[in-house]
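User: Please take a close look at one part of this model. Pick a single residue and tell me how the protein surrounds it.

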Amino acid sequence: MSGSSPFKRRLVHLDLKGAPPKVSYLSEIFPLFHALGANGLLIEYEDMFPYEGHLRLLRAKHAYSPFEIKEILHLATLNNLEVIPLVQTFGHMEFVLKHEALTHLREVALFPNTLNPHEAESLALVGAMIDQIMELHPGARWLHIGCDEVYYLGEGEASRQWLQQEQNTKAKLCLSHVKAVASHVQARHPATMPLVWDDMLRDIPEDQLSASGVPQLVEPVLWDYGADLDIHGKALLMEKYRKCGFSQLWAASAFKGATGVNQALTPIEHHLRNHVQWLQVAGSGPADMLQGIVLTGWQRYDHFSVLCELLPVGIPSLAVCLQSLLHGGFAEDVKARVENFLGISSLEITDFMRYPTPQPCLSPHAWTRLSSASLCREGAGSFPGSDILALITQVSLHLRSSVDALLERDRYVTGWFSPFHRRRKLIHPVMIQHIQPQALSLLARWSALVGELEAALQRVFYSDTVEEWLEENVYPSLQQLQGLLQDLSEAAGPPPSLASPGLYTSQDP
């Protein structure tokens, strides 16, 4: 099934630190992953793993149970998807170090990003996390131990003192912790090879990398999510890593979650270009240089950031990217295959497209500028979660603009019910008849669609995800409409006298 792909392993990344899907949805989507060309999963559990004992405080409210973890692994096996678990062990430790009981293990006391590598308790902590994850993933051939974006490393008090000693450097400090974690994996789980993100290794000189012993213990994953990555630079970096002694290298691209911290719709063209360029990187070196690629699908930029594109929204991009990797590009026949897999009659991959006429499912104030997939539900496909994609597309592209059009560009609102009038509850009675029906109609249309979206989201996600997405992306606009209608209702009462002394001053009532 590998076609002409230089990547014999193609892993879909599930970032569970935001919007973790219910297992029932995974049972629907895993067969599609396999059909599209994936043969593995990189599961970043974060706080969705059912940690036990003294680690139980790391669990999220809706963390998977041990039974659900086993069910996920069973579903993966049924669909020929090899699972590689990921646990952060150095940077991106917010889900651990945010807890008061563990704040003493921070590298910098104020920030929960990075683990203090000098504390013996730090290694014991990540060792316990690794052991619990491996207990539920017996036979895993790889374990990803993270180690990317180790911000503020060297800025803690213990590190400052350590760095004052001759020949000590931040690179040496980083490598020593990576080696300690990898050595724990090797000692306790000898059949499992650790993977690490490569960004903290890139600028370390060859001789230091070679002498550290790290290349014999881990396999680096070279990540770049850009649409214009440096192909020649990547080839040089891979050659450097091979010279240092790393036996195997991996690549990491992105199919979603890499173009904006609060991105709601996936710009497919960007991600397609990213994958086409990774194909060129793979073709620039020996055939066995990269043994696999991880298609990352980030759900948050970090533990505290907002949600970016939900998984169902990113499925068309994933389909395009996987099929392009499988067939060596995105020719017309590959496009037709993707459309068939997704049940989409005509997939547009450009970031924006225009329809010649307004679509019937739009509100009167909706525009025709669209992105990521077709707008009406009947055009969004038949894959699991396609209804969510269709509804989110409408909300993301048209809810705010339609409300803004009424509040900021409607001549009756701007001319006769401006913020000045609204604060004083002053309006010409005839203008209520122009404004109120429009506002009521717009609110009713969007409320109905949002109710439909909420029900669709509830089928796939837990309640906290649904609440967060709606609160971030929907409620602010609906509250603006409700506020307008409330002000209209209050203004419809007995009008204040035009001779009121404070009416046209800057004083608020």
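Analyst: Take His137. At 4% relative accessibility, it counts as buried, which means under 20% relative accessible area; exposed is over 50%, and partly exposed lies in between (1.4 Å probe, protein chains only).

A word on the basis. This is a predicted model, numbered from 1 along each chain as its sequence is written. Local features need pLDDT of at least 70, side-chain atom pairs count only at pLDDT 80 or more, totals for chains, interfaces and linings use all residues, and side-chain values use heavy atoms, with hydrogens and water left out.

Now the location. His137 sits in the loop between helix 4 (120-135) and strand 4 (142-144). Helices (H or I, at least four residues) and strands (E, at least two) are DSSP runs, numbered from the N terminus.

The His137 side chain reaches the backbone oxygen of Ile133 at 2.8 Å. That is a polar contact: a pair of N or O atoms within 3.5 Å, one able to donate a hydrogen and the other to accept it; residues adjacent in sequence count only if both atoms are side-chain atoms.

Then the wider surroundings. Leave aside neighbours within four places in sequence, and His137 is in contact (heavy atoms within 4.5 Å) with Tyr45, Phe49, Ile69, Leu73, Val83 and Pro85.

Finally, the setting. The protein has 17 helices and ten strands. Of its 509 residues, 57% count as buried. Residues 24 or more positions apart account for 76% of the contacts with a separation of 6 or more. The C-alpha trace spans about 85 × 60 × 45 Å along its principal axes.
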